[in-house]
Amino acid sequence: MLHYMGRRLLQLIPVLLGMSFIVFMLIRAIPGNPAQVILGQQATKEAVEALNASLGLDQPWFTQYFRYLGGVLQGDLGVSLRTKLPVSEEIFPYLAATAELALFAMIIAVIIGVNAGIISAWFQNSWFDYTAMVIALIGVSVPVFWLGLMEQWAFSVKLDWFPSSGRENVRDPITPITHFYLIDTLIQGRFDQFTEVLKRLVLPGMALATIPMAIIARMTRSSMLEVMRSDYVRTARAKGQKMFVVVYKHALKNAIIPVLTIIGLQTGLLLGGAILTETIFSWPGIGRYIYEAIGFRDYPVIQSGILVIAFIFIMINLIVDLLYTVIDPRIKYK
Amino acid sequence: MKKKKFWSLGVMLILVLSTILAACGASDNKDSGSKDASTGGDTASSSGKTELVYGRGGDSVALDPAVVTDGESFTVTANLYETLVNFGEQDVTINPGLAKSWEPSEDGLTYTFQLQEGVKFHDGTDFNAEAVVKNFERWKAGGEKHPYYSTQFVVGDTQVIESVTAEGDNTVVFKLSQPQAPFLKNLAMSPFAIASPTAFEANEEGLSTNPVGTGPFKFVDWKRTASITIEKNPDYYIDGLPKLEKVIYRSIPENSARLTALNAGEIDVADGLSPSDKTSIESNDKLQLIERPSMNVGYLGLTATRAPFDNVKVRQAVNHAIDKQTLVDAFYEGLAQPAKNPMPPVISGYNDDIPGYEYDPEKAKALLAEAGYDGKEIELWAMPVPRPYMPDGQKIAEAIQKNLADVGMPSKIVSYEWATYLDKAEKGEADAFLLGWTGDNGDADNFIYALLDGDNIGSNNYTFYDNQELHKLLVAAQTEIDEEKRNALYKQAQEIVFADAPWVPLAHSTPILAAGAELQNYIAHPTGSDRLDAVYFK
């Protein structure tokens, strides 16, 4: 087990190295120049060149790359060209904002998705099955952008149930401690703010949850159908076990493994892929942080932001792989 | 048996979900009811509201006006800091600011400013002549770190401001190395606001995140990409101002989400709305439409170094081919006027005698035939981002494509990501491209020289148009301090631009904002930086 983990962590090194190199070269291959963007359209050529030199962007690419890499190895993710703040400091609030939203969305997606999948498999070809799968099909195909705007229109403007955008009520701001606002408000004993934060999570959370929810539901259903046909399930039913126990205890345990893989992958995807949701709901998350950095050609932020997301993505998948052994004792890593 | 269990499970699920929803819904209604009451506090105005939430498209880059060039930074800094002279409420006339009066010398080389007395920076230190001198010394020494200082007060290698000296506590004398006609207009620009020397001497870059000025509001807090909070400066030197206790700038990047937030009462002002939202705002009696006076131009640039636009007849033909009035009606919702000059009519020196190219496809065809145009397809570049002067680049490009096809010029529409678009256009890679400009200081030089002079090829002159005669006029106008003579030079310059037709000037648009109906005294400034000191709720 430890040996396996060690090997997986070692694999991280070439993956992250290759990743950082590709990102580094790609963002330099696209036209556009950070100095020009910083100085604005008015700037003269001389000023742009001078700024390029002071930012170190006139150096050959390998010098720049190895200098960056050397920094990263010492935990220095570079300094944002735009805000002049260290990326390692700046990135955390964004990461926390996205993580909070993604986890909330994933909880919705898993609870509803897994249960819908199970019930659909249990009552295969019933009206519930058909309805759930049609909804799931719509769920994977609906544009998040449209869904978000519709949610805002229906639940904020028409019904006035939830705030339309933002992470907090700006008139009653939250003092960040961990930058996970649900936790921060609890620490400070501000339950009014806690419900406010929770309410603000609902609309973007639902928008973000739709696609993973649909994928999880479909995956669970097909995986469950397979397991339900196996001998041991038939034996359990022949023994006179209650159907509920057969489904949720015996069948689910074997059916959940491929679902778990999907959950892991989807959680990772949500971290970097929440950008549309973040834009519509003006959520100050990591997706928007990196997207805006691309517009400004803020190289250190783009490089390090993607590196951090890649790292978390890999870690989540490692955790999922380790979870397999907990759920299925037959799986052992050497 | 089977059915029953399924039903009970389903019912349970629905029950759980609806309880959650109901709980959220109920508590929200309660909150929104108490929200307004709680924000009111101890105020005198009748609605009790003294907190303004300002919704805008993007966040600021930094709160040190000297180091930034983006409008969203100036939107905030204009309320934290003040300049020596101010623009008029809704125009670019020069009015007293931190300087209560000033006297230029006969030759235009010396300016003497008398400063307001008893003004203090937010950190408690005194604003005085010494502070002004230190700010100018900082900008001058900073080089490219202070981009606007180097574009407005440096010509070639020459520093326009030779020296700034304090004479006593309240008098500052500027000595210039050459007369600069827009000198006072430059000083009124947001980047030249005076900051506390104590603050920037302690930490040169500290102002970016911890601004210290003399303005009507003080900085409180900044949550990046989310919100910036500023509050009333109780020691502000003008009695009774500001009227608001607190202003919160919120970034809501999506235009329609911003309008939704305004409709839901989450914000009080929504900046940067699309012209297409005009009708829905006007038909809603809870909202008011605010128009920002126009100080911009949207245009179609014709790169003069690329065939077929290296031929002046082809450029003139394209000017005749495009139906500007229809563009304005269709895509600006009437919130624009068709343009005939490279600068808007509010700018002094505007030449209204220029007839403009009337929409005349027949004439265009004749000119194209005369030029010997071979029918080669051109690339038509569409702006990928909406701007006040170009609300929808793609659709405008499609309309222009149709106009050009009508006179026998086939075109292909292309678009790139914004920074790429500017970079490629700057290198002269576009045949015809949509672009625009919003004035910085309301001066003709900031339009014609910045956008069409040969000096600015590789910078803002994306058409590579270079006319020596025009250049001479523009350079002469820069140092001409007699307003009438100067305007005559610009009128002549516009005639040359008209004849050479490096652009198709399309429109001068009126950007719009919306606010709750109870908001009073909101005055939108043409430069885009709005002062909020006199704003209040009814």
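## Two domains in chain A

The C-alpha centres of domain 1 and domain 2 of chain A lie 32 Å apart. Domain 1 covers residues 2–73 and domain 2 covers residues 87–327 of chain A, with bounds taken from an automatic or database domain assignment. This is a predicted model, in which local features need pLDDT of at least 70 and side-chain atom pairs count only at pLDDT 80 or more, while totals for chains, interfaces and linings use all residues. Residues are numbered from 1 along each chain as its sequence is written, and chains are lettered from A and ligands numbered from 1 in the order in which they are written.

Where do the two domains meet? 14 residues of domain 1 of chain A are in contact with twelve residues of domain 2 of chain A (contact: C-beta atoms, placed from the backbone, within 7 Å). On the domain 1 side, helices H1 (2–29) and H2 (34–39) of chain A are the elements that give two or more residues; helices (H or I, at least four residues) and strands (E, at least two) are DSSP runs, numbered from the N terminus. H1(A) provides the largest share, nine residues.

## Chain A against chain B

The contact between the chains takes 50 residues from chain A and 51 residues from chain B. Several helices of chain A give two or more residues to this side, among them H5 (87–122), H9 (191–228) and H11 (243–273). The largest share, five residues, comes from H7(A).

## Helical stretches of chain A

Helix H4 (residues 61–73) of chain A has 13 residues and should span 18 Å at 1.5 Å a residue, which agrees with its end C-alpha atoms being 18 Å apart (expected span: 1.5 Å times one less than the number of residues). Just after H4(A), A:Gly75 takes a positive phi of about 80°.

An unreviewed UniProt entry places the feature "transmembrane region" at several stretches of chain A, including residues 12–30 and 101–123; positions are in the numbering used here, feature names are shortened, and annotations may be inferred rather than shown by experiment. In the model, residues 12–30 of chain A are 95% helix and 0% strand, with end C-alpha atoms 27 Å apart. Residues 101–123 of chain A are 96% helix and 0% strand, with end C-alpha atoms 33 Å apart.

## A sheet in chain B

Four strands of chain B form an open, antiparallel sheet in the order E4-E5-E9-E8 (pairing: at least two DSSP bridges between two strands). E4 (99–104) and E8 (161–167) of chain B are the edge strands, each pairing on one side only. E8(B) and E9 (residues 171–176) of chain B pair over six bridges, and B:Thr165 has B:Val173 in E9(B) as its bridge partner.
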